[in-house]
Amino acid sequence: MVNRRHIRVKVMQSIYAMHQNGSEDIEKEEKFLFYSIDAIQDLYLTMLSSLIEICKKETIFLHKSSQKHLATAQDRKPNEKFINNRIFKILTENISLSAALENRKINNWILNDDYILLLLNAIKQSKLYDKYMSNVINTFEEDKEFIVDMFMEVIVPNEKLYDYLEDNKLTWVDDIPLVNTHIIKQLKAIKPIEEGNFRVPKLFKDNEDRDFVQDLFRKTILNEKELAKEYDNKTPNWDSDRIAEIDTIILKMAICEFLKFPSIPIKVTLNEYLEVAKEYSTPKSSIFINGILDHLVKELQTSNRIVKAGRGLM
């Protein structure tokens, strides 16, 4: 689930936090870095389980309505298309998801069911819901399209939900887009019920990605002074103290990858950190960083200080 760019962002944020706190305890900060990445799995399960809980709440509501003393004909025989949606059924009965929710003790919506009611109300007030419920022809593809659209258009943009997630765990703020994008991709890929149809993803693609977190963090932190010297004389129009701190961290991390990660292509490093700069630093940072790194790469290549191993790594 966690890709290399997001790993770079997490490492950058951890280094920035160390600078701000004046901390020199690498092991403590590294432990928190891994904690913040591990928490992404909880966010994923929290967001995905909201769909299950929304279905449960509506099921309970329809049952209670049918049991009212003065129940109307519509109350006694409601339109159950929503709660019978096949995607809800697949998620509710999925062993992989149930096990993950239990193992990681995800109970956010049991403790905060008012947010589920809020989301359910927003869904039922949407045009998307009206259109879905009024269509008498019901197919698996229609069910899936409705759930995907409902998640994208009603749940994800909900400001109160976003505020809750932010307040619940501050480290989730930058993880929300990553998680929601992954969930949407998974929902779109669901097929009619079959064995192995849905799987809770691993946090890291493989052990290399997990090792990359520690290696990038430690190699940057432990070599900050040396890495800074590489670009100090490449900014004649800028004093060191005038360069945004995030920019200096991005530069150090990129240079660290050039010099100490032989399996990562130069172009990959350049592209990744320029994108990170666009999102997390000042409007002109990506241009500034691109100019420095482009000049530095040529210099390092000329002096044979960049050594890359493997195909297509230059």
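This is a predicted model: local features need pLDDT of at least 70, side-chain atom pairs count only at pLDDT 80 or more; totals for chains, interfaces and linings use all residues.
A crossing of two helices is called right-handed if the near helix is turned clockwise from the far one by less than a right angle, and left-handed if it is turned anticlockwise.

I begin with confidence. The protein chain has an average pLDDT of 92, and 94% of its residues score at least 70. Confidence is highest in helix α12, at 98, and lowest in helix α3, residues 73–76, where the mean is 69.

Consider its crossing with α2. The two axes come within 11 Å of each other and cross at roughly 145 degrees, and the crossing of α2 and α12 is right-handed. On the α2 side, the contact involves I26, E27, E29, E30, L33, F34 and I37; on the α12 side, they meet R210, V213, Q214, F217, R218 and I221. By class, this contact of α2 with α12 comprises seven nonpolar, five charged and one polar residue.

Helix α12, residues 207–221, also packs against α1, residues 4–21, at an angle of about 35 degrees, with the axes 10 Å apart. The crossing of α1 and α12 is likewise right-handed. Helix α1 contributes R4, I7, R8, V11, S14, I15 and M18, while α12 contributes E208, D209, F212, V213, L216, F217, T220 and I221. Nine of the residues in the contact of α1 with α12 are nonpolar, four are charged and two are polar.

Next, helix α11. Which residues of α11 are buried? They are I176, L178, V179, N180, I183, I184, Q186 and L187. The elements covering these buried residues include α1, α2, α4, α9 and α10.

Finally, I draw attention to two backbone positions. K105 is not a glycine, yet has a positive phi of about 55 degrees; K105 sits in the loop between α5 and α6. Is K105 buried or exposed? K105 counts as exposed because its relative accessibility is 67%, and the cut-off for exposed is over 50%. N304, also not a glycine, has a positive phi of about 55 degrees as well, and is found in the segment after α16. With a relative accessibility of 60%, N304 therefore counts as exposed too.

Key. Residues are numbered from 1 along each chain as its sequence is written. Side-chain values use heavy atoms; hydrogens and water are left out. Axes are lines fitted to C-alpha atoms, for helices over the stretch in contact, and angles run from 0 to 180 degrees between N-to-C directions. Helices (H or I, at least four residues) and strands (E, at least two) are DSSP runs, numbered from the N terminus. Contact means heavy atoms within 4.5 Å. Ala, Val, Leu, Ile, Met, Phe, Trp, Tyr, Cys and Pro count as nonpolar, Asp, Glu, Lys and Arg as charged, and the others, Gly among them, as polar. Buried means under 20% relative accessible area, exposed over 50%, partly exposed in between (1.4 Å probe, protein chains only). pLDDT is the predictor's confidence in each residue, from 0 to 100.
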